[in-house]
Amino acid sequence: MKNVKRSLVLVAVLALLVLVPSAYAGDFALTSGGPITYGEETGPYGATWNGSAISVWCDDIRDSQVIGSHQPYDETSGLNIIYGSNTNVMFGNDSFAATKYGALAYLMVTIVANPTLGQAFYSFAMWDIFEPGIVAGKVDGSGPFTYAQVQALVTTAEGIGNYTPYLSQVTIYTPQGCAGLGADQSSNCLPGGAGFQEFGQVPDGGVTLMLLGGALVGLATLRRRLRA
């Protein structure tokens with residue numbers, strides 16, 4: 001009898017999970033920018049989602065976002081991105097969109113796990129996935145990296161193949177009315193000017209643990225130094 005009850009509970013839980021929507025609408029606001037490289041503020045950026053602080057990356061260099069401006073956005077988990085004409089993300093109907101968002105997820109997860117790789121460098125690579133023409137015009141070689149290096153990083157990201165482990169860790173925030181617009185900004189979610197930007201987030205659970213581990217290592221080192 002216990003086994004039957006447990007099975008019924010499991011079925012109920014699975015049914016609830018099926019009913020949970022894959023996208024959520026909410027209030028998104030950018031709260032801070034990042035360091036400027038090649039004239040652009042690079043990630044990660046501070047933001048809030050329904051009032052809760054989050055850290056995000058931008059995949060859209062064409063558009064702009066005003067810090068402190070609250071806008072209606074849709075939240076979509078990486079594994080629930082819809083590609084094609086009925087897409088739920090900004091560049092979801094681009095050619096090779098699945099590979100592009102997979103590469104974006106790979107870059108976001110990689111840089112969050114190892115920020116010493118160069119956050120500005122990775123920001124430009126994220127932008128280059130979707131809007132290479134704009135990035136090529138900005139990265140002129142006068143800064144810390146070249147456009148050839150950006151392209152090489154994008155090539156690596158787009159050649160991963162299995163993106164499931166990366167997409168499962170990523171959440172995409174798309175301004176309402178912008179899904180499917182992509183690089184075609186002839187009509188956009190902010191008529192008469194640049195539209196609002198799309199952002200991605202890697203939940204900081206793993207990052208917090210990583211930082212905690214680093215803090216413990218630092219504490220151990222400090223103790224050793226004090227003992228010496």
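**Pocket, strands and a lysine**

Guide: In this predicted model, the lining of the largest pocket comprises seven nonpolar, four polar and three charged residues. Residues are numbered from 1 along each chain as its sequence is written, and side-chain values use heavy atoms, without hydrogens and water. Local features need pLDDT of at least 70 and side-chain atom pairs 80 or more, while totals for chains, interfaces and linings use all residues.

Visitor: Which residues that line the largest pocket are the closest to its centre?

Guide: The largest pocket holds about 210 Å³ of space. Of its 14 lining residues, Glu 40, Glu 41, Tyr 45, Gln 65 and Gln 197 are the closest to the centre. Lining residues have an atom within 4 Å of a point of the pocket, an open set on a 1 Å grid where a 1.4 Å probe fits, with protein on both sides within 12 Å along at least five of seven lines.

Visitor: How many bridges pair strand E4 with strand E5?

Guide: Pairing requires at least two bridges found by DSSP. E4 (residues 45–49) and E5 (residues 52–58) have five, in the antiparallel sense, so they pair by that definition. Trp 49 stands opposite Ser 52 in E5. The two strands form a hairpin, and Asn 50 in its turn has a positive phi of about 55 degrees.

Visitor: Why does Lys 100 count as buried?

Guide: Buried means under 20% relative accessible area (1.4 Å probe, protein chains only). Lys 100 has 16% relative accessibility, and therefore counts as buried. Lys 100 lies in helix H2 (residues 97–113). Beyond neighbours within four places in sequence, Lys 100 is in contact with Asp 94, Ser 95, Ile 129, Phe 130 and Glu 158, contact meaning heavy atoms within 4.5 Å.

Key. Points joined across faces, edges and corners; volume = space filled by probe spheres on them. Nonpolar A, V, L, I, M, F, W, Y, C, P; charged D, E, K, R; others polar. Helix = DSSP H or I, 4+ residues; strand = E, 2+ residues; numbered from the N terminus. Buried < 20%, exposed > 50% of the residue type's maximum accessible area, 1.4 Å probe, protein only.
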